[in-house]
Number of protein chains: 2
Amino acid sequence: MEVYNFSAGPAMLPKEVMNQAKEHFTDFAGTGCGLVELSHRGPEFSKVLDEAQTDLRELMEISDDYAICFIQGGASMQFAMIPMNLMLPDGFAEYADTGTWSAKAMKEAELFGDVRTIASSKDSNYDKIPVIRHWSPDDKASYLHITTNNTIAGTQYHAFPTSKAPLIADMSSDIMSRKINVDDFAMIYAGAQKNLAPSGMALVIIRKNLAERAPKNLPTMLKYSTYIEKDSMFNTPPTFTIYVFGLVLKWLKRMGGLAEMEEINDAKSEALYELIDTSDFYRSPVFPESRSKMNVVFRLPSEELEAKFVADAKKKGLSGLKGHRSVGGIRASIYNAMPLRGVETLVDFMNDFARENG
Amino acid sequence: MEVYNFSAGPAMLPKEVMNQAKEHFTDFAGTGCGLVELSHRGPEFSKVLDEAQTDLRELMEISDDYAICFIQGGASMQFAMIPMNLMLPDGFAEYADTGTWSAKAMKEAELFGDVRTIASSKDSNYDKIPVIRHWSPDDKASYLHITTNNTIAGTQYHAFPTSKAPLIADMSSDIMSRKINVDDFAMIYAGAQKNLAPSGMALVIIRKNLAERAPKNLPTMLKYSTYIEKDSMFNTPPTFTIYVFGLVLKWLKRMGGLAEMEEINDAKSEALYELIDTSDFYRSPVFPESRSKMNVVFRLPSEELEAKFVADAKKKGLSGLKGHRSVGGIRASIYNAMPLRGVETLVDFMNDFARENG
């Protein structure tokens with residue numbers, strides 16, 4: 001039975017990538033050793049690191065004004081590193097509160113300066129992205145922080161705010177799922193385990209001159225400048241995660257790049273939302289204009305039916321569909337690696353389930 | 001040709017472990033998904049995490065007074081987290097300076113308090129562990145920090161200091177290579193990529209009540225209490241690294257545990273040191289009482305011969321023998337995963353090389 005894994009993260013990786021990583025696991029590049037066993041300073045890993053950076057620059061059209069850093073600790077460590085490095089002395093930062101992860105980022109920033117909520121959908125259970133034209137960004141903010149996709153609530157920005165302050169985006173759950181203009185952001189970061197690679201690092205794309213703002217007395221491992229100056233090799237990086245990330249990038253190139261990926265992702269999410277919107281059985285708790293193309297959340301008529309849905313789906317090879325424990329319901333995470341075929345299989349199952357249980 | 005990889009880290013892993021990880025890479029525990037693709041909150045990874053902790057407690061005889069934490073960032077992140085969490089207000093800490101890694105740890109600690117050098121071998125190029133009976137630990141120190149094995153200099157503690165202050169040991173390069181008494185330490189930590197697993201995390205074994213000392217205003221991801229209270233699952237941990245670590249622990253149990261491992265490691269290092277000490281061609285720069293059983297460093301009559309040695313060895317399947325770029329010479333890293341057979345092959349090669357080039 002073909003298994004389609006709709007887990008929100010760690011999430012499925014492209015089948016080709018998984019097979020490549022397996023094939024070379026114990027003998028990388030003819031060394032007789034696995035990549036995980038090789039020195040990070042040797043020629044084999046140096047090539048892996050270089051190619052990952054080159055391929056990422058090409059796919060996302062990243063200019064030399066930006067550095068690409070691989071930093072351990074996931075997005076959660078970035079929640080702290082951002083204010084540590086980028087909050088101006090006696091400064092304040094603006095955060096849009098669009099979900100659990102935004103709120104966690106704000107909590108860490110409060111340790112380092114004044115945190116101002118520029119917009120929030122908290123009072124309506126994060127069911128939308130607050131309408132951006134109503135925001136009033138303050139030019140004097142140290143930075144403006146947004147979370148472009150909210151895995152738990154199932155919302156996503158389909159346009160971005162502009163501010164004279166540096167715009168910082170947590171793209172953990174939608175990075176490389178669509179074309180964006182990197183120059184619109186001062187910093188983009190993403191935990192790896194959704195759209196990029198196994199867990200264990202964050203990808204950080206940061207405008208080099210922004211990193212110069214950091215106080216001088218930060219610990220070495222918590223300064224962006226360390227990663228920029230040492231090319232993410234001040235200490236031993238997570239070599240296997242970077243290697244698999246590199247394989248994912250080459251897969252994205254073979255797939256045609258981000259514009260092609262975006263079309264596939266549009267088709268996948270449209271198939272699910274169309275079913276939900278034309279159904280009396282399924283319902284979306286999210287405002288249509290704010291719906292996520294990565295995490296499609298929906299409800300059934302009862303929690304009992306939702307539990308049966310998850311259990312029956314699993315028997316058909318459709319796993320990881322249970323909504324986040326904080327909100328319940330169903331969540332289908334359909335990142336880049338989820339093929340259209342997987343979504344079609346889910347749609348068929350949903351139609352059958354509604355007919356049999358409606 | 002059988003390849004023996006003497007790299008200092010990331011280093012070779014047991015062949016059985018590599019084969020197991022490969023076999024299950026795309027289908028873990030019958031899920032049809034790889035472990036790297038599964039949610040860290042699911043039953044499969046929960047079992048992996050639980051078993052790793054249980055097996056580690058058994059192998060190292062760790063009491064419930066201690067927590068076991070998996071923290072991203074390697075030992076280098078610990079260099080900062082230790083003083084951030086454990087330096088008392090207006091306090092000082094004592095560090096023994098026995099090599100490059102001790103010095104790096106001291107540099108980070110200086111950001112958070114007064115750093116006092118309790119002992120140092122820096123003036124003699126770190127060729128020994130300073131004689132411990134000459135140390136005078138200060139009971140009022142926030143803690144006393146040592147580096148039990150020094151990969152670059154090739155030295156190792158064969159006894160440990162005692163102090164009323166908490167003893168903290170960086171065991172990155174000799175953890176689980178021998179029996180130690182965990183109760184002699186307040187905290188033990190180790191980057192994973194030498195004796196434990198692929199790169200991407202540090203193992204931290206910390207007395208629970210020590211962690212309570214931390215200031216309240218630390219970022220969540222930089223507090224030991226977060227990892228203790230959330231069982232290293234506040235955010236997504238490096239699941240693959242922890243999984244391979246678990247396989248290594250089960251391999252250690254099959255090998256007979258740490259006492260048996262210590263005997264094998266003694267035999268391996270003795271074979272090399274005996275050859276070096278009876279040879280007119282090879283010479284050890286390290287005081288005999290301080291020699292490392294993990295990283296055997298030695299010199300040849302000239303740098304030209306050293307370069308030839310490394311190149312010729314590589315042709316015979318003996319890789320990673322070049323000394324650290326900061327000191328030159330030859331370094332054979334013979335962690336747990338290096339079988340006795342690998343060392344015997346190296347000894348044979350060294351005898352041949354000396355005869356042909358001496």
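Predicted model: local features only at pLDDT ≥ 70, side-chain atom pairs only at ≥ 80, totals over all residues.
Student: What area is buried between chain A and chain B?

Tutor: About 4400 Å² is buried between chain A and chain B, and carbon and sulfur atoms give 61% of that area. The size of an interface is often given as the accessible area lost when the parts come together.

Student: Let us turn to one chain. Into which domains is chain A divided?

Tutor: Chain A is divided into domain 1, residues 15-255, and domain 2, residues 256-357. The C-alpha centres of these two domains of chain A lie 26 Å apart.

Student: How many residues of these domains are in contact?

Tutor: In chain A, 27 residues of domain 1 are in contact with 28 residues of domain 2. The two domains bury about 2200 Å² between them, with 57% of it on carbon and sulfur atoms. The count of salt bridges between domain 1 and domain 2 of chain A is zero.

Student: New topic: cavities. How many are there of 30 Å³ or more?

Tutor: The count comes to eight cavities of 30 Å³ or more. The largest cavity has a volume of about 80 Å³. Rolling a probe the size of a water molecule over the atoms shows where empty space is left.

Student: Which residues lie closest to the centre of the largest cavity?

Tutor: Of the 13 residues that line the largest cavity, the closest to its centre are S199(A), T241(A), S199(B), F240(B) and T241(B). The elements that give two or more residues to this lining are α7 (239-255) of chain A and α7 (239-255) of chain B.

Student: What classes of residue make up the lining of the largest cavity?

Tutor: The lining of the largest cavity has five nonpolar, eight polar and no charged residues.

Student: Finally, the backbone. Where is there a cis peptide bond in chain A?

Tutor: A cis peptide bond joins G9(A) and P10(A), with omega at about -10 degrees. P10(A) is in the loop between β1 (4-5) and α1 (15-23) of chain A. In chain B, a cis peptide bond joins G9(B) and P10(B), with omega at about -10 degrees.

Student: Which residue has a positive phi although it is not a glycine?

Tutor: Y126(A) has a positive phi of about 55 degrees, and Y126(A) lies in the loop between β4 (114-120) and β5 (144-147) of chain A. Most residues other than glycine have a negative phi, and most peptide bonds are trans.

Key: Residues numbered from 1 in each chain as written. Chains lettered and ligands numbered in written order. Heavy atoms only, no water. 1 Å grid on protein atoms, 1.4 Å probe; cavity = no way out; pocket = protein on both sides within 12 Å on 5 of 7 lines; lining within 4 Å. Points joined across faces, edges and corners; volume = space filled by probe spheres on them. Helix = DSSP H or I, 4+ residues; strand = E, 2+ residues; numbered from the N terminus. Nonpolar A, V, L, I, M, F, W, Y, C, P; charged D, E, K, R; others polar. Domains from an automatic or database assignment. Contact = heavy atoms within 4.5 Å. Buried area = accessible area lost by both parts, 1.4 Å probe. Salt bridge = Lys/Arg side-chain N within 4 Å of Asp/Glu carboxyl O.
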